[in-house]
Amino acid sequence: MNAMTSLSFDIQKSKEFCSTHQIQMVSYRGKPFCKECSMSALSKAQEEHQHAVNQMVRDKHFAGAKLPRRHAKSGFKEYIVSNNGQKNAKAQCVMFAKDFMGGVVRNLIMVGRTGTGKTHLACAVARNVLESRKYARYITSEDMADEIAKAWKIIDDSEANAIHRFTDYDLLILDEYGLHDRHENRLQLVHKVLYSRYDEGKATMLISNLTLDELQKDLGDRLWSRFQHDGLTLVECNWADQRMQGGAA
């Protein structure tokens with residue numbers, strides 16, 4: 001007698017009825033159960049498993065963006081608006097994110113004083129982009145230059161490969177431009193990524209404490225022209241340091 005034959009003898013009709021589905025239950029080795037309840041439990045288990053898999057994939061997707069821990073959950077709703085400048089900056093970033101997810105690729109430059117919420121807004125844009133299953137990456141200009149410069153020391157890596165990695169993201173958020181990247185060779189590496197992203201038609205968010213005039217001079221005429229080619233959103237953040245006032249910076 002094989003296992004299937006044995007199983008068929010073990011399952012028998014029960015005299016009991018399911019109080020939920022009002023159907024006759026079956027008995028397996030003397031224990032009654034409802035077929036409908038069993039199917040519902042199986043379906044629920046499958047749904048819970050799929051939800052867990054989806055959550056794991058989502059977590060890895062967000063982790064790949066490497067948003068700063070402080071701003072990992074910073075969204076537009078959490079950005080506190082207390083003046084017209086902040087209201088405009090938020091509106092510009094919301095529109096940039098909305099257009100990006102709608103297929104409009106352009107660049108965004110955000111300049112202004114420290115503590116004005118530039119990184120918060122940038123991470124809010126990134127979170128919306130990531131939710132739409134696009135790939136975004138946050139990094140400071142200094143860290144990106146370091147990674148590219150050190151690539152030649154790593155087996156099977158190179159400067160070209162590192163530049164390609166930073167080019168490949170749908171959206172690159174380059175923070176603290178002009179702060180710790182003043183060495184000419186390091187700045188050239190940053191500019192190589194910006195040129196490469198232009199050539200590939202990729203959107204870049206550039207964040208800096210420089211003034212707009214200083215930034216334009218630092219980028220140079222050729223790169224500044226390329227930043228504007230496909231459309232450029234300019235956001236100037238010139239209000240007081242919000243960190244000192246307990247705001248969302």
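Mentor: The side chain of R137 makes a polar contact of 3.5 Å with the side chain of Y169. A polar contact is a pair of N or O atoms within 3.5 Å; within protein, one must be able to donate a hydrogen and the other to accept it, and residues adjacent in sequence count only if both atoms are side-chain atoms. This is a predicted model, in which local features need pLDDT of at least 70 and side-chain atom pairs count only at pLDDT 80 or more, while totals for chains, interfaces and linings use all residues. Residues are numbered from 1 along each chain as its sequence is written, and side-chain values use heavy atoms, with hydrogens and water left out.

R137 is buried and has no salt bridge. Buried means under 20% relative accessible area, exposed over 50%, and partly exposed in between (1.4 Å probe, protein chains only); a salt bridge is a side-chain nitrogen of Lys or Arg within 4 Å of a carboxyl oxygen of Asp or Glu. The nearest side chain of opposite charge to R137 is E147, 4.3 Å away (Lys and Arg count as positive and Asp and Glu as negative; His and the chain ends are not counted). Beyond its neighbours within four places in sequence, R137 has contacts that include G64, K66, E147, F166, Y169 and L172 (contact means heavy atoms within 4.5 Å).

E147 itself has a salt-bridge partner in R165, with the closest N and O atoms 3.5 Å apart. R165 lies in helix 6 (residues 159-168) and E147 in helix 5, so this pair ties together parts 18 residues apart in sequence. Helices (H or I, at least four residues) and strands (E, at least two) are DSSP runs, numbered from the N terminus. Both partners count as partly exposed, R165 at 33% relative accessible area and E147 at 31%. Salt bridges with shared partners join E147, R165 and D157 into one network.

Another salt bridge, of 2.6 Å from N to O, brings together the side chains of D146 and R186. Here too distant parts of the chain are linked, since D146 is in helix 5 (residues 141-150) and R186 in helix 7 (residues 184-199), 40 residues apart. D146 is partly exposed, at 22% relative accessible area.

Helix 7 also holds S196, which counts as buried at 19% relative accessibility. A polar contact of 2.7 Å joins the side chains of S196 and T167. F166, one of the contacts of R137, is 30 residues from S196 in sequence but 8.9 Å from it in space, C-alpha to C-alpha.

An open sheet of 5 strands, with parallel pairing, runs in the order 5-6-7-4-8 (two strands pair if DSSP finds at least two bridges between them). Strand 5 (136-140) and strand 8 (232-237) are at the edges with a single partner strand each, so one side of each has no neighbour in the sheet. From one strand to the next, the twist averages 10°; axes are lines fitted to C-alpha atoms, for helices over the stretch in contact, and angles run from 0 to 180 degrees between N-to-C directions. Further into this order, strand 6 (residues 171-177) pairs with strand 7 (residues 203-208) over 5 bridges in the parallel sense. L172 stands opposite T204 of strand 7, and L172 is also among the contacts of R137.
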